[in-house]
Amino acid sequence: MLATLVPIPALAATFPEVGHDIDARLDPAARRLEVTDEITLTGDGTLEFRLSPRFARPSVEIDGAAIEIAGNPDGWRVPIQGTGEKRVTITYLGPLAPLDAGGGPFGGEEAGSSPMGSFLPGGAAWLPVIDAERVAYRLTVRVPAGFRAVATGTLIEETPEHTVYSAAPAFEEPSLFVGPWDMRERWAGNLRLRTYFEPDLAGLSDDYLQVAEDQIKRFSDLIGPYPFQGFSILSAPLPVGLGFAGLTYIGRQVLPLPFMRGQSLPHEILHNWWGNGVRVDYATGNWCEGLTTYMADYGLTAERDPEAAREMRFGWLRDYAALPEERDGSLVDFKARVHGAAKIIGYDKSAYLFLMLRDRLGDDAFDRGIRLFWERHRLRQAGWSDLRAAFEATSGQELGEFFHQWVARTGAPRLRLDEATTKRTRGGHALTVRIGQGSPTYRLDVPVVIETAGGKLRRTIALDGLETTATLDLDAEPVAIALDPDYRLFRHLAPGEAPPILRDVTLDPRTRLLLVGPHQDAARELAGRLMDAGATAGRPVAGTPLAIIGTTADVAEALAEHGLRDVPAALGGKGTARVWTASAEGGAPVLVVAADDRASLEALLRPLPHYGRQSYLVFQGREAVDRGVWPPGASPLRRTVTAE
Ligand SMILES: [Zn+2]
């Protein structure tokens, strides 16, 4: 994901041009930061700047003369008299916050430090924030021996004593990273690729550099030249995975996982084009996670294994099916990933938009549209309407309705297959199909697959309105027909297509929670970790998702009492804890967690929340020894064709 740096609201007078020449000394273990910022600006009026309240009151000089300042950390005010260029020197020091290793995966909003390293994100006001039309930074960093400093921007000088970065013009405030790293470097053409890993992770360096080189080449070929000086991969003491212009900051615990190199790193690299290369106009919705997910996560999967890509599409629709209606949203409203529900819209639905667009435009117009969008908006801000304009230009198609229905609207279509009949014609067979959708309607090209004795045939049926009847002329006699069996449309899955998974219960704020047996404190703690949207304790309510958590015998009793089936035969008696989903009478999903004793229940605390996409699991202690998704039932979107 992309590190989102919140735009700064305007303060007092806006100066046309402000240059920062910063000297920062940082001692990570002591958490001490000392900064001198020499600011060059032109104009007069009141200079107002914001600075984190962590720092002592800054001292300020104008052209070498000390001056009293007024205000507070939200706005320190410096009176500037006379016209012409001024040099304002701001000096301050202070303790940084302890680096919060227990924080979430999205990074801190505050600059933090520890003996393991420091992370000072832009936007955390660790540097004076001044509103100006154009801002430039030159940042000189000094850290104790044994540490290295990396900042966003262009590396211009590197000595054992200090490192200098510059950004002119700067699109965002610099972010600074410090760690006890070894640096390894490789050149790919004129690109400088680096890893900054702790010595114990040095063995991973070559692999990371190779993936970086390969992926930068791949995306450069698809989109246009890589827009920065190089790319660095930094090990973080925090459990993060963040993308910045020209670098990514990845938690040291997850760096060894193959997933990070295979999927996460390409995603972060692609953010150099989408997000940091073309920047997001957040007011009209964040398009960059969807396009990055589509071209990196999905694109690499589809290239490797089409069946895995189909699984990925199904997984996205399955997750969307688990999303309660009140948590659904539009792409316009998506800004950043703050919880699971936002990911389902801002990443998955958004990626689907590009998938459907490619299906509609064809590879050539789509690929040229991507390149044109890059060419037009490189190192500028762009929104959904700019994407639309680029694809309209390369395809010659009017795409207003397409973008409107997928970007501005909340929700997705629900398809119906009403009737399929066939009759012989002189040339072969005429298959008449009646399909429909719920209201409000979408304009769709519905892919259909027709099964014949001679194999499968693929067609599309245009559906614009509540229903349509199409007649398809076929050479072979049709046996059965299925609507969108490969999940190429973003839509609500039909009931039989979606066997229940844990998320059907854990994402729904209406879920009722039933804790049974002697260890209810442990069960409650597990529920707290599991229920993304919270849950109400109490007796089951008909038609509402239900979670039952407790010890095995008590769970069996509760299931019987509420007319629910006991543990599925495939799981009974296995492991130390069993977790499964079922459908109550009336269709509401039920999640059951049955553990043999207190220790087995507590063992689920960490692992279980990661398995939201499963229908069932068997745990032996903390290890999931078996898991899976129940097989789908008969889909109402597939029908045997009847002869007329
Ligand atoms: Zn991302």
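**A walk through the model**

Modeller: Ser52 sits in the loop between β3 (45-49) and β4 (59-62). Strands here are DSSP runs of E with at least two residues, helices are runs of H or I with at least four, and both are numbered from the N terminus. This is a predicted model, where local features need pLDDT of at least 70, side-chain atom pairs count only at pLDDT 80 or more, and totals for chains, interfaces and linings use all residues. Residues are numbered from 1 along each chain as its sequence is written, and side-chain values use heavy atoms, with hydrogens and water left out.

Colleague: Is Ser52 buried or exposed?

Modeller: Ser52 counts as buried, because its relative accessibility is 10%. Buried means under 20% relative accessible area, exposed means over 50%, and partly exposed lies in between (1.4 Å probe, protein chains only).

Colleague: What does Ser52 touch?

Modeller: Pro73, Ala124 and Ala125, leaving out residues up to four places away in sequence. Contact means heavy atoms within 4.5 Å.

Colleague: New topic. Which residues coordinate the zinc ion?

Modeller: His267 (NE2), His271 (NE2) and Glu289 (OE) do, at 2.0 to 2.1 Å. Donors are N, O and S atoms within 2.8 Å of the metal (3.2 Å for Na, K and Ca); water is not among the atoms, so sites may look incomplete.

Colleague: What spacing do the donors follow along the chain?

Modeller: The spacing is H-x3-H-x17-E. His267 lies in helix α2 (residues 258-270) and Glu289 in helix α3 (residues 288-304), so this pair, 22 residues apart, links distant parts of the chain. Both His267 and Glu289 are buried.

Colleague: Now the sheets. What is the strand order in the open sheet of 5 strands?

Modeller: The order is β17-β18-β19-β21-β20, with mixed pairing. Two strands pair if DSSP finds at least two bridges between them.

Colleague: Which strands stand at the edges?

Modeller: β17 (182-188) and β20 (241-244) do. Each has a single partner strand, so one side of each is left without a neighbour in the sheet. From one strand to the next, the twist averages 15 degrees.

Colleague: Which helix packs on the sheet?

Modeller: Helix α1 (residues 205-222) does, touching β17, β18 (191-197) and β19. The direction of α1 makes about 145 degrees with that of β18. Axes are lines fitted to C-alpha atoms, for helices over the stretch in contact, and angles run from 0 to 180 degrees between N-to-C directions.

Colleague: How many bridges join β19 to β21?

Modeller: There are 5, and β19 (residues 230-236) and β21 (residues 247-251) run parallel. Leu234 has Tyr249 in β21 as its bridge partner.

Colleague: And how many residues of β30 are buried?

Modeller: In β30 (residues 512-516), 4 of the 5 residues are buried, so the strand is largely enclosed by the rest of the structure. β30 runs parallel to β31 (residues 536-537), joined by 2 bridges. Arg512 stands opposite Thr536 in β31. On β32 (residues 546-551), which is also parallel to β30, there are 5 bridges to β30. Leu515 faces Ile549 there.

Colleague: Last one. How many helices and strands are in the protein chain?

Modeller: The protein chain has 12 helices and 38 strands. Of its 644 residues, 52% count as buried. Its C-alpha trace spans about 95 × 65 × 45 Å along the principal axes.
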